[in-house]
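Open the model in your viewer and keep the selection panel at hand. Each stop below tells you what to pick and what you will find there.

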Amino acid sequence: MSNEAIIHGPEVAHGNAAEHQGHEHHEQHFIWKYIFSQDHKIISRQFLVTGIFWAIVGAFFSLIFRLQLGFPDSTFPWMESILGEWAKGGKLSPEFYYALITMHGTILVFFVLTAGLSGTFANLLIPLQIGARDMASPFLNMLSYWFFFASSVFMFISLFVQTGPAAGGWTTYPPLSALKEASLGSGVGMDLWLIGMALFVISSLLGGLNYISTVLNMRTKGMTMTRLPLTIWALFFTAVLGVLSFPVLFSGFVLLIFDRNFGTSFYLSEIFINGRALPHIGGSAILYQHLFWFLGHPEVYIIMLPGMGMASEIIAVNSRKPIFGYLAMVISLISITLLAFLVWAHHMFVTGMSPFLGSIFVLLTLLIAVPSAVKVFNWLTTIWKGNLRFTPAMLFALGFVSLFISGGLTGIFLGNSALDIHLHDTYFVVAHFHIVMGVSAFFGMFAGIYHWFPKMFGRFMNNTLGYIHFFITIAGAYLIFWPMHYEGIAGMPRRYYDYSAWESFKQFQSLNAFISVIAAIVFFTQFIFVINFFVSIWRGRRLTNPNPWGATTLEWTTPIHPGHGNWEGEIPEVYRWAYDYKDDGHGGDFIPQTVPLREGEEDH
Amino acid sequence: MSGFITIALIFLVFIIIYQIAKASEYASVIRGEEKVKVQTNRTIAWLLVIFFLLGLWGIWKCHMLLQDKMLPVSASVQGVQYDLMFKATLWVTGVTFFITQTLLFWFCFKYQSTEKRTSFFFPHNNKLEVLWTTVPAIAMAALVAVGLKNWMAFTSEAPKDAMIVEVVGKQFNWLIRYPGQDGVLGKRDFRKIDDANNVLGLDWTDKDNMDDIIAQNGELHLVVNRPVKLIIGSRDVIHDVGLPHFRMKMDAVPGIMTTLWFTPQYTSTEMKKITGNENFVYEIACDQVCGKGHYSMRGTVIVQTQVEYDAWMLMQKSYYASTHESVAPAPGATAPKTDSVKAITMK
Ligand code: HEM
Ligand SMILES: [Cu+2]
Ligand SMILES: [Cu+2]
């Protein structure tokens with residue numbers, strides 16, 4: 001579909017385009033403008049606000065279970081007043097502890113760092129940065145959000161059922177998750193979890209297909225693939241990863257639903273539980289893990305790539321320097337995407353999988369470190385001899401790099417099966433993925449929000465609050481997760497409710513308390529961001545310059561408050577790559593993509 | 001009430017912070033934004049450096065504090081190799097960590113924006129890019145080589161003279177089965193399980209079961225310097241036999257038999273001396289979330305000399321004898337002989 005047809009429907013597409021573009025002549029009703037909107041910019045905000053809501057819920061859960069871990073002998077009467085039965089006498093019950101960590105993982109991995117992150121930035125940036133009036137299919141795009149919303153509703157309801165939400169970990173391995181007898185959380189809570197996740201997969205697929213087709217088909221004149229900003233490349237591969245791997249997860253869930261409700265034995269075999277031998281024979285519990293991690297590993301890159309793209313863009317803009325090694329950056333994204341499909345079994349080294357197969361996965365896993373290293377060195381070279389402006393967005397992008405290094409390096413331990421044999425499912429893994437994926441991806445997201453907030457709302461967020469937010473969060477993140485490596489090396493298992501009965505692990509009690517205190521501080525610090533975000537929407541300093549950061553990319557050529565359709569008049573044409581941060585001949589230090597090449601100037 | 005006051009206080013603090021931040025924004029407009037921008041930039045650059053230096057100090061401090069809380073020397077022969085490889089990897093990653101983070105923060109400081117500075121247009125350089133593709137690739141190849149050598153060794157066939165013990169997980173404890181005098185674990189079938197008198201579902205028509213011994217207290221007795229092969233299984237959901245002191249771990253999966261072998265090199269008593277901890281005990285930790293009691297699914301390993309072990313073994317009653325009181329107990333055992341390994345079928 002042409003860009004015009006998308007905004008106005010086919011019947012007006014052949015009218016005088018210039019007259020119809022951009023500003024709406026007829027005032028849309030509130031519902032169509034802000035709720036069932038098909039404007040990618042509104043959908044992006046919907047994803048963002050829903051993501052922020054879920055982030056608060058998910059982080060709050062961690063606050064509660066960290067209290068249990070830090071202070072296993074204390075009681076917190078206020079907990080009983082909000083959790084009731086689950087925290088009798090102010091002491092969290094083990095069942096609910098497991099429910100909380102499960103929902104914490106599910107919410108943050110899927111609802112915040114997948115939907116909240118890709119949903120926000122793919123929607124906002126793809127059309128704006130490639131020069132399109134909207135997504136290839138604005139309608140499917142709207143559906144994608146509403147499927148996400150429906151999925152959120154199911155997940156939220158599951159928090160309130162009597163037997164509690166799912167409690168088998170965010171990976172929900174059967175047989176634990178398949179048998180109602182095995183745990184309270186494997187009852188209705190698990191059904192709701194599966195329904196929620198199935199809807200979530202649909203939402204991701206609708207979104208992802210849309211992002212892919214938009215990037216491939218809707219680029220403005222002159223916007224060749226090699227002129228795309230790295231954000232778009234990254235969001236594009238994120239979508240590719242999702243589209244190819246989510247269906248596999250879906251099939252895994254379907255089989256699980258069958259095993260739970262229809263007496264099949266895909267994952268079940270030779271089980272005696274609750275005083276009774278079950279009739280299931282011949283299934284394989286490991287099959288689920290293959291299906292899960294076939295998505296699960298790409299999923300971690302689904303979470304990581306948008307941050308990589310945004311960090312690349314933000315670092316280049318604020319270094320007033322082109323990103324170093326653009327092509328290498330693209331190639332490393334491609335290799336990460338390919339390899340991400342070939343390493344899933346590194347989560348399963350100790351499941352009894354054939355050791356030979358294990359060694360293949362060791363090789364492929366450590367191979368991923370190479371493109372990751374290339375990216376890091378390229379970011380470092382980008383800031384080398386730059387002219388660095390430390391906006392809050394820039395700080396978060398730099399923090400992203402620092403955290404990605406720290407977390408990526410521990411992946412090298414885990415990817416080597418001979419080392420994983422001791423580290424698997426200990427706090428070392430928790431430290432690894434929280435730093436590299438949890439915090440680092442959050443930093444990418446914060447960087448994106450601080451950077452593109454002016455584009456979203458026509459106002460700035462408050463810088464001082466941004467700086468406070470940054471320094472407390474990065475210091476806190478390292479204080480929380482760095483010591484966890486030590487606990488993991490000492491063999492301390494993850495997902496334990498209480499360590500005090502263990503001779504080998506109880507010496508970490510005071511450390512756990514320390515971590516919990518820092519976690520609480522970091523949790524409350526995030527409200528500085530939340531308040532800054534919402535207050536700035538209405539009260540922030542107004543934008544006067546449509547291109548406040550002096551960036552080359554197309555989104556800053558739109559009006560300060562772009563209407564549906566983004567550009568008034570023609571969509572600008574692109575003449576150069578996205579990183580011409582150099583002397584423009586008139587004292588400026590950048591040349592927008594829309595400026596034709598000068599005499600004698602070579603295309604990049 | 002006090003909860004309400006706390007929340008109100010927190011709110012108040014937020015409002016104050018917000019107001020101050022807002023005021024600084026207005027002030028910067030009055031004082032001239034450009035000037036303030038330059039100052040802020042310099043302040044932030046300094047803060048980054050301070051953060052970096054404090055971070056390095058913190059890493060050092062953290063290491064000093066936690067060092068003596070770590071695991072003692074490896075209790076298994078294999079673990080010695082493990083620790084060596086861990087150290088090597090730690091060096092490679094540690095040096096990389098230090099170099100890259102230093103560059104990151106140093107560049108931030110050195111190239112902070114000033115009025116005079118312009119950036120250096122440097123879009124790419126093939127030599128550099130090739131360099132930092134190949135160097136990590138070589139480093140990874142080396143780590144993979146070491147890793148696979150160890151992996152092959154850890155997962156190879158257990159030596160012929162290894163003793164055999166079965167470890168079965170259930171919600172929420174470990175059941176340990178010794179093959180008894182004949183050195184052979186008899187057949188078992190999950191349909192024959194009965195919590196009262198046949199916890200593992202031993203098939204009593206298989207005479208290999210008659211002398212098998214089951215410890216329901218989760219105590220795994222091993223002989224020092226004698227390889228042991230664990231036959232691992234689960235009755236209900238997935239568990240995991242985690243042996244941190246031996247640097248080993250293997251899932252217990254229902255319907256599938258997994259194995260793990262290693263050679264203990266210090267008896268429990270020796271380890272008490274090494275650690276200087278009277279209460280030291282080798283623990284088996286369940287490392288795969290398995291339900292509400294996951295955190296309490298604890299077993300212990302008792303590594304003994306052959307003599308101690310034999311004496312202990314002599315006192316054990318076969319499971320058959322202890323559940324079938326009328327039947328005469330199997331004759332007293334001598335040192336169990338485990339040469340013949342019979343594959344265990346579970347059906
Ligand atoms: C150098 C690159 C990396 C390597 C070699 C690597 C390797 C590994 C390995 C082997 C594991 C399994 C550990 C275990 O369970 O025993 C693991 C866990 C994990 N990794 Fe990474 N990783 C890398 C980067 C990343 C990145 C970039 C992310 C996220 C964006 C990530 C997220 C995770 C997560 C979420 C888990 C834990 C999953 C769970 O069990 O709950 N990793 N990593
Ligand atoms: Cu992975
Ligand atoms: Cu268990």
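Select A:M142 and show its contacts. Leaving aside residues up to four places away in sequence, A:M142 touches A:F36, A:S37, A:Q38 and A:I43. Keep in mind that this is a predicted model. The C-alpha atoms of A:M142 and A:H40 are separated by 8.2 Å, although the two residues are 102 apart along the chain. Colour helix α8 of chain A, residues 138-158; A:M142 is in that helix. Is A:M142 buried or exposed? Its relative accessibility is 11%, so A:M142 counts as buried, the cut-off being under 20%.

Next, go to helix α16 of chain A, residues 427-457, and pick A:H432 within that helix. Which protein atom is a donor to the iron atom of ligand 1? The single protein donor is NE2 of A:H432, 2.2 Å away. Then draw a distance from the iron atom to the copper ion (ligand 2). It reads 4.6 Å.

Move to the other copper site. Select the copper ion (ligand 3) and four residues of chain B: B:H239, B:C286, B:C290 and B:M297. The donor atoms are ND1 of B:H239, SG of B:C286, SG of B:C290 and SD of B:M297. They lie 2.1 to 2.4 Å from the copper ion. What is the arrangement of the 4 donor atoms? The angles they subtend run from 88 to 123°, so the arrangement is tetrahedral; the rule asks for all angles between 85 and 135 degrees. For reference, the ideal angle for four tetrahedral donors is 109.5 degrees. In sequence, the donor residues follow the spacing H-x46-C-x3-C-x6-M. B:C286 is buried, at 0% relative accessible area. B:C290 is also buried, with a value of 0%.

Last stop: a helix pair. Select α7 (residues 94-130) and α9 (residues 188-217), both of chain A. Their axes come within 11 Å and cross at roughly 20°. α7(A) and α9(A) are therefore roughly parallel to each other, as angles under 35 degrees count that way. The crossing of α7(A) past α9(A) is left-handed. Now show side chains where the helices meet. On α7(A), the residues include A:M103, A:F110, A:F111, A:A115, A:G119 and A:I130. On α9(A), look for A:W193, A:M197, A:F200, A:Y211, A:T214 and A:V215.

Definitions and conventions: Residues numbered from 1 in each chain as written. Chains lettered and ligands numbered in written order. Predicted model: local features only at pLDDT ≥ 70, side-chain atom pairs only at ≥ 80, totals over all residues. Heavy atoms only, no water. Donors = N, O, S within 2.8 Å, 3.2 Å for Na, K, Ca; no water. Tetrahedral: all angles 85-135°; square planar, octahedral: opposite > 155°, others 65-115°. Buried < 20%, exposed > 50% of the residue type's maximum accessible area, 1.4 Å probe, protein only. Axes fitted to C-alpha atoms, helices over the stretch in contact; angles between N-to-C directions. Helix = DSSP H or I, 4+ residues; strand = E, 2+ residues; numbered from the N terminus. Parallel < 35°, antiparallel > 145°, perpendicular 65-115°, else oblique. Left-handed = near helix turned anticlockwise from the far one by under 90°. Contact = heavy atoms within 4.5 Å.
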